[in-house]
Amino acid sequence: MDVGTLTQQFVNAMTLGAIYALIALGYTMVYGIIELINFAHGDVFMVGSFVSLWLLADFLGFRGPIGNPLQLVAILVLAFVFSMGVMGVVGVLIERFAYRRLRNAPRLAPLITAIGVSFILQNLVQIWRGPAQLNSPQLIDVQAGFYVGTALVHWVSIFVITLAIGLMIGLQLFVSKTRMGRAMRSTALDREAAQLMGVDINTTIAVTFFIGSALAGAAGVVQGLYYGYTFFQIGFQAGLKAFTAAVLGGIGNTTGAALGGFTIGFIEVFASQAGYTSWSEAIVFTILILVLVFRPTGLLGQRVVERA
């Protein structure tokens, strides 16, 4: 593999991994707080892509790239703020009406409920937009870029990678530096003790769902900008890989979720480059099995404390 191809594939892997990482963060945050595997999270990402499509194509009327840089920045900010806000509210509603009453139920009950919520979201989107694949406006010209040696690096890839890393850093700062972040960490450590110390458990969990779903909404916007389409079934595949990323990095560990997302991105891209496209998913899950066999807590360890 020459240097140009290696550079190109590196950027592709980082871009794909960034999308997986944004979705995986929602999985790991929710599990870290209430030990719930929210299998509806992938479909929250899917709904976010349709919300972005509605705003950009139906409401604002965009069909292709925007040439004016200031207008492009303004529309991108609007798209992310709107989609992240809407999906954050959707996440809070899901927690309030689907999961809250099941916090103390046997673990199978919320798991089945999460699968049910996933089907509800898919069917609502089919009723709203139909079952066909829809094209999303790619506001950033996907052909525009710059050369690094012989490799053409596209600006849309740089944007996706920068955005994802920026959101991850912002999340880390929020969790480690703010009062609500401390409440989230204490709730993850011991929910009952945190409540005795004055932490509002319901608010803390609601904020966790809001942030996780907002990040999935951001990934939904990126889906349209980077791939140029959306479909009501994209949530299952993306959610499965994002969940794999969260487990691979260490479920309950936000840094591990990000690392797992990028790891899967690199595995898939370089497996495809080597000619094993049809085997890329098998390779991902084989590596996951090996990691869980030899390091059950994931690459960076599990931060969730097991309670008797």
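Predicted model: local features only at pLDDT ≥ 70, side-chain atom pairs only at ≥ 80, totals over all residues.
Biologist: Why are α1 and α5 called roughly parallel to each other?

Modeller: Helix α5 covers residues 155–177, and α1 packs with α5 at an angle of about 30 degrees, the axes being 9 Å apart. Angles under 35 degrees count as roughly parallel, over 145 as roughly antiparallel, 65 to 115 as roughly perpendicular and the rest as oblique. The pair α1 and α5 is therefore roughly parallel. The axes are lines fitted to C-alpha atoms, for helices over the stretch in contact, and the angles run from 0 to 180 degrees between N-to-C directions.

Biologist: Which residues make the contact of α1 and α5?

Modeller: On the α1 side they include Val-11, Met-14, Ala-18, Ala-21 and Leu-25, and on the α5 side they include Ser-157, Val-160, Ala-164 and Met-168. Contact means heavy atoms within 4.5 Å. By class, the contact of α1 with α5 has 14 nonpolar, two polar and no charged residues.

Biologist: How do you know that Ala-21 is buried?

Modeller: Its relative accessible area is 0%, and buried means under 20%, exposed over 50% and partly exposed in between, with a 1.4 Å probe and protein chains only. Ala-21 therefore counts as buried. It sits in helix α1, residues 3–34. Leaving aside neighbours within four places in sequence, Ala-21 is in contact with Met-168, Ala-257, Ala-258, Gly-261 and Phe-262. Ala-21 and Ala-257 are 236 residues apart along the chain, yet their C-alpha atoms are separated by 6.2 Å.

Biologist: Is His-41 buried or exposed?

Modeller: His-41, in helix α2, has a relative accessible area of 1%, so His-41 is buried. Beyond neighbours within four places in sequence, its contacts are Ile-23, Gly-26, Tyr-27, Gly-212, Ser-213 and Ala-216.

Biologist: Where does Glu-35 lie?

Modeller: Glu-35 lies in the loop between α1 and α2. Its phi is near 55 degrees, a positive value in a residue other than glycine. Most residues other than glycine have a negative phi. At a relative accessible area of 16%, Glu-35 is buried.

Biologist: What makes α3 oblique to α4?

Modeller: Helix α3 (residues 69–99) and helix α4 (residues 108–129) pack at about 130 degrees, with their axes 11 Å apart. That makes α3 oblique to α4. The crossing of α3 and α4 is right-handed. In the contact, Ile-94, Ala-98 and Tyr-99 of α3 meet Pro-110, Thr-113, Ala-114, Val-117 and Leu-121 of α4. The residues of the contact of α3 with α4 divide into seven nonpolar, one polar and no charged. For these classes, Ala, Val, Leu, Ile, Met, Phe, Trp, Tyr, Cys and Pro count as nonpolar, Asp, Glu, Lys and Arg as charged, and the others, Gly among them, as polar.

Biologist: How do you know that Ser-118 is buried?

Modeller: Ser-118, found in helix α4, has a relative accessible area of 10%, which is why Ser-118 is called buried. Neighbours within four places in sequence aside, Ser-118 is in contact with Phe-39, Ala-40 and Asp-43.

Biologist: Why is the aromatic pair of Tyr-227 and Tyr-229 called edge-to-face?

Modeller: The structure holds 13 aromatic pairs. In one of them, Tyr-227 and Tyr-229 are 6.3 Å centre to centre, with 65 degrees between the planes. Rings of Phe, Tyr and Trp (its six-membered ring) pair if their centres lie within 6.5 Å, and planes under 30 degrees apart count as stacked, over 60 as edge-to-face and the rest as tilted. The pair of Tyr-227 and Tyr-229 is therefore edge-to-face. Tyr-227 counts as partly exposed at 35% relative accessibility, and Tyr-229 is partly exposed at 28%. Elsewhere, ring pairs link Phe-10, Phe-266 and Phe-270 into a cluster.

Technical notes: Residues numbered from 1 in each chain as written. Heavy atoms only, no water. Helix = DSSP H or I, 4+ residues; strand = E, 2+ residues; numbered from the N terminus. Left-handed = near helix turned anticlockwise from the far one by under 90°.
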